[in-house]
Amino acid sequence: DKDNPRLFRYNIDSKTVDLLGTAPIMPYIQAQPVWNSVSKVLMWFDHQAGQLNIYHPDTNTWDVNIPTQKPANIQVQGNHAVFDPYQNVLMIMGGTTLTDGTTSNPYVFLYRYAPGGSAPPADTTPPAPPINLTLQEIK
């Protein structure tokens with residue numbers, strides 16, 4: 001709720017919801033919280049304001065308005081956010097209409113909150129792509 005921002009925690013086992021407190025006010029309805037499993041924080045990027053908000057569950061506090069570095073004349077914005085634990089980065093990408101009027105976003109933005117993480121084991125093999133996929137056009 002962008003007008004009454006609150007952060008909740010849902011316990012899957014007990015099927016209960018706990019109110020953790022207020023969340024930073026976001027001017028945009030599309031929330032994209034991402035769990036950083038390396039630093040154990042919740043990362044929430046507000047692309048309209050160009051700011052990153054970090055929630056610390058251990059202290060129930062927020063770091064708000066974390067500045068992000070960017071090359072000159074490039075707006076940090078995206079409508080998809082994911083966290084890659086192997087690279088220890090938040091990745092923000094996508095979007096077709098940026099707030100500066102640009103009609104496409106060819107950039108991928110990476111943000112590392114803190115050092116840490118470890119590389120995948122050397123013997124890690126990615127899964128084979130499925131071979132039984134089909135495509136059907138629906139009209």
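In what order do the 3 strands of the open sheet follow one another? Read on for the answer, after a word on the model.

## About the model

This is a predicted model, in which local features need pLDDT of at least 70 and side-chain atom pairs count only at pLDDT 80 or more, while totals for chains, interfaces and linings use all residues. Residues are numbered from 1 along each chain as its sequence is written, and side-chain values use heavy atoms, leaving out hydrogens and water.

## The open sheet

The order is β7-β8-β9, with antiparallel pairing. Strands here are DSSP E runs of at least two residues, numbered from the N terminus, and two of them pair if DSSP finds at least two bridges between them. At the edges lie β7 (80–84) and β9 (108–111), each pairing on one side only. Neighbouring strands are turned by 20 degrees against each other on average, direction ignored, using axes that are lines fitted to C-alpha atoms.

Between β7 and β8 (residues 89–93) there are 5 bridges; M91 in β8 is the bridge partner of V82.

## L110 on strand β9

L110 belongs to strand β9. Because its relative accessible area is 58%, L110 is exposed (over 50%, with a 1.4 Å probe and protein chains only). L110 also touches V89, L90 and M91, leaving aside residues up to four places away in sequence; contact means heavy atoms within 4.5 Å.

## V17 on strand β2

Let's finish with V17, found in strand β2. V17 counts as exposed because its relative accessibility is 52%.

Technical notes:
Helix = DSSP H or I, 4+ residues; strand = E, 2+ residues; numbered from the N terminus. Buried < 20%, exposed > 50% of the residue type's maximum accessible area, 1.4 Å probe, protein only. Axes fitted to C-alpha atoms, helices over the stretch in contact; angles between N-to-C directions.
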